[in-house]
Amino acid sequence: MTDTATTDHAATDRTADRPAAAGSAATDAGAYLVPGTDRLAADFYGFQDELTPVELEASLRLRDFMEREVRPIAADYWDRAEFPTQIIPGLADLGMFGAMWPETQRFENSAVWRGWAALELGRVDPSTATFVGVQSGLAMSSIAIGGSPEQRAQWLPPMGRGELIGAFGLTEPLSGSDSSKGLRTTAERHGDTWVLNGAKRWIGNATFADVVVIWARDVADHQVKGFLVRRGTPGFTTTKIERKQALRIVQNADITIDGVRVDEADRLPSIHSFREVALVLRLTRAEVAWQAVGVQVGAYEAAVRYAGERQQFGRPLASFQLVQDRLAQCLGNITACIALCLQASRMQDQGRQGDEHAALAKGYATTRMRETVAWCRELLGGNGIVLDHGVAKFFADAEAVYSFEGTRDMNNLIVGRAITGVGAFV
């Protein structure tokens, strides 16, 4: 594994001797960078300059790790629908888990940096970005926001070190977009013990998580409450969802909750209603928008590389007007999405971000992502549907990123409510 603490970040040295990606086209040394700089060529307006020197150094170390440790194996693990657990310690060493919280923060950082990190993760492997989002953004944030000081001290540090893995159990077989009102999993208190019953679906990391935050409706007051359910608890069963065609590396599970007994000490005491759940989702939604930008960047980089290498009619594809037009459209989408996400993250840093701001960023960025990856796949022709050329995985993974953390439609309704003052959810 790369020694991320001592990596030289000069552009020419950082990409030298990079191994070819197994199952995908090799990335030429520095081909995705503006020549002579450490800036991504897809960062056309130089948004990277918004990062502080410390944040930039952390981003470059993350980029190096993703290129050296993840890119060479991502396509193979995607094809096998398995998760490379060996990358977890490296991600932890880079401060990817719990960067927002004092117990686990490796250095002072902004929401802008955390978003940029999601971009860097997503441009190499959207599944790795999703794993980090679940561990850090959903599971750890639930404990940080809803937990007692004792729970925070017990869970956050080992999760930040990657020693314990978390998951976030909200979505159900019959409840997704309507989770605030349609949650069917129940919790009933008996003295100092709660009994949970229900089911969850699409729960990332759940097959190997040490703790799952389960959201359930209290039968006494009908409010949503959060519970920390440990692996191996009787009545708590996880089953891997098979035959997925997007984010295949992510280990999503169906969860059966049959008379699961949870101590009162493992209830999140600061969760009183779905309002607190929505806060967790808002904090992570903008980072999912950044991840969607990363998916676009990854597909665009592969398309640019292919256009320069592929010969048609005795000329490289890159020399044709229609190809250049399509690449310019892709770059326009990427640039617009970075600008939108950047401002949403600035607003979070300033304490001005509302649900509608995160929702617009996620809805817009994922819609443009779908468009961009489709154009990139189209540019590769038949080669665009195989893993070997670096676009097919982004094309497939985009569909999942488009859907989770609220579909485009639901996010637009959050924005529409802010515009009109009228909720149109029911």
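1. G169 stands opposite I214 in β4. That places the residue on strand β1 (residues 166-169), which pairs with β4 in the parallel sense over four bridges. Strands here are DSSP E runs of at least two residues, helices H or I runs of at least four, numbered from the N terminus; two strands pair if DSSP finds at least two bridges between them.

2. This is a predicted model: local features need pLDDT of at least 70, side-chain atom pairs count only at pLDDT 80 or more, and totals for chains, interfaces and linings use all residues. Residues are numbered from 1 along each chain as its sequence is written, and side-chain values use heavy atoms, with hydrogens and water left out.

3. Strand β2 (residues 186-190) pairs with β4 in the parallel sense over two bridges, with T186 opposite R217. Strand β5 (residues 224-230) is antiparallel to β4 over seven bridges; V213 stands opposite L228 there. Five residues separate β4 and β5 in a hairpin, and H222 in the turn has a positive phi of about 65 degrees.

4. Strand β4 (residues 211-218) is mostly covered, with eight of its eight residues buried (under 20% relative accessible area, 1.4 Å probe, protein chains only).

5. The structure holds zero disulfides (cysteine sulfur pairs within 2.5 Å). For C376, the nearest cysteine sulfur, that of C330, is 3.9 Å away. C376 counts as buried because its relative accessibility is 1%.

Key
Buried < 20%, exposed > 50% of the residue type's maximum accessible area, 1.4 Å probe, protein only.
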